[in-house]
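User: I'd like to go through this model with you. Can we start with the fold and then go into the details?

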Amino acid sequence: MPSVPFPVITLLVLLILLAKMYLHGAKPSRGPLYFVAGCALLVLVSALRWSFDEMALRQLQGYMAIALPPLTWRCFANLTGQSPQRQWRLLLGPPAIAALLHLVMPAVTDIVLMLLYLGYGITLINVARQGADVFEFSRLSDSPGASTMAFAAGGFLCISGFTDFAIAIDFTFFKGQQAPLLVALSQGLILPFLCLAILFTGNKPAQPEKADTRCISVQPEALETEDEAQRCHQLELMLIDRNLFLDPELTLNTLARKTGTPARHISRAVNQARGCNVSQWINGFRIQHAQRLLRETSKPVTAVMLESGFVTKSNFNREFTRLTGMSPTAYRRSAGNNPAPDLKSG
């Protein structure tokens, strides 16, 4: 049966991705981790269910299938600025109704699951489309990844929803003869994205490009909205005066509390005044600090990275190259007034 190998392969890929996400960085974001772990557990139960077809496994798979979409949504919504009341309503309401219908009207379970998966999947995609700044409780260095993972999670749920619908139609008209093939096809669509996630989790290479300093300037410019330009300038003065950008655990919510400015106002001001998101904006100050350390000290590049507020070497190298057009080591080598030796750790 083609369905058996695919769940096993998918499970292995998910476990590899989970391990890489957990080992990457000092404190990985829990939302994406829990999402991948939940997917792995559901795939494991699904593989056992299709292999042994036990009633207990069917029931367990059904309730796990109902629980996965709201829990997936919660993993990412917990990083946003949504009110706790709204989060709990969306977390408990739809799955409670789905579980009740599953008990009293088993015949509609497949339709209910399809609606549940599509509803939460589309909601997650819409959240991700708002950009990295919406994840204001995520560490700023992780917020772009959280946005990407939320989009992928939404896509995963949507594909699963359409698969459940197709399998329901197959059982209605063809007695489930094509169900294994449909499961294999759906997981075949998901596998390439999981493999790409493994390749790019903490490993995205920094591509040399023309230096982009839009998020570095600390001088107010002639912009469309003078109020936003002034607000951005005042925020930058506070960042520099108090070295807030050097905190590796800095989040948009923390920045809002420390500056006394609502998170949405910070995001809007930075977006309009500097043409980038808050994560890129903060990284601009961190890279400036790293440039000074590379020029004026002989500290190893790894030490410079940590002192500049970065927690992973890949993110540091990527942002340094994006903003300066060269790697940290190449920058140190090219700095004529740098007394430090040419270190190879960059």
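Analyst: A definition before the fold: helices (H or I, at least four residues) and strands (E, at least two) are DSSP runs, numbered from the N terminus. From the N terminus on, the elements of the protein chain run α-α-α-α-α-α-α-α-α-α-α-α-α-α. That is 14 helices and 0 strands. This is a predicted model, where local features need pLDDT of at least 70 and side-chain atom pairs count only at pLDDT 80 or more, while totals for chains, interfaces and linings use all residues. Residues are numbered from 1 along each chain as its sequence is written, and side-chain values use heavy atoms, with hydrogens and water left out.

User: What is the mean pLDDT of the protein chain?

Analyst: The mean is 76, and 73% of the residues reach 70 or more. pLDDT is the predictor's confidence in each residue, from 0 to 100. Residues 198-214 have a pLDDT below 50, and this stretch has 32 contacts in the model beyond near neighbours in sequence. Residues 216-223 are below 50 too, with 23 such contacts. Contact means heavy atoms within 4.5 Å. Where pLDDT is low, the predicted coordinates should not be read in detail.

User: How many residues of the protein chain count as buried, in percent?

Analyst: Of the 346 residues, 49% count as buried. Buried means under 20% relative accessible area, exposed over 50%, and partly exposed in between (1.4 Å probe, protein chains only). As for contacts with a separation of 6 or more, 69% come from residues 24 or more positions apart.

User: Aromatics next. How many aromatic pairs does the structure hold?

Analyst: There are 6 aromatic pairs. Rings of Phe, Tyr and Trp (its six-membered ring) pair if their centres lie within 6.5 Å; planes under 30 degrees apart count as stacked, over 60 as edge-to-face and the rest as tilted. Take Phe320 and Tyr331: the ring centres are 5.5 Å apart and the planes are at 70°, so this pair is edge-to-face.

User: Where do Phe320 and Tyr331 lie?

Analyst: Phe320 lies in helix α13 (residues 313-324) and Tyr331 in helix α14 (residues 328-334), so the pair ties together parts that are 11 residues apart in sequence. Both Phe320 and Tyr331 are buried. Together with Phe310 and Phe316, they form one aromatic cluster.

User: Which charged end sits over the ring of Phe310?

Analyst: That of Arg286, 5.8 Å from the ring centre. Arg74 does likewise with Trp88, at 5.1 Å from the centre of that ring. A charge sits over a ring if NZ of Lys or CZ of Arg is within 6 Å of the ring centre and within 35 degrees of the ring normal.

User: On to α4. Which residues in α4 are buried?

Analyst: Gln87, Leu91, Pro95, Ala98 and His102. They cover an arc of only 70° around the axis, which puts them on the same side of α4. The arc is that of the directions from the helix axis to the C-beta atoms. The face turned away from the buried side carries the exposed residues Gln85, Arg89, Ile97, Leu100, Leu103 and Val104.

User: And how many residues does helix α4 have?

Analyst: Helix α4 (residues 84-104) has 21 residues, and its first and last C-alpha atoms are 30 Å apart, close to the 30 Å expected at 1.5 Å a residue. The expected span is 1.5 Å times one less than the number of residues.

User: What follows α10?

Analyst: Gly275, with a positive phi near 65°. Asn243 is a residue other than glycine with a positive phi, near 55°. Asn243 is found in the loop between α8 (226-242) and α9 (252-259).

User: Last one, Ser143. Buried or exposed?

Analyst: Ser143 counts as buried, at 1% relative accessibility. This residue is found in helix α6 (residues 143-174). Leaving aside neighbours within four places in sequence, Ser143 is in contact with Ala132, Phe135, Ser138 and Ser279.
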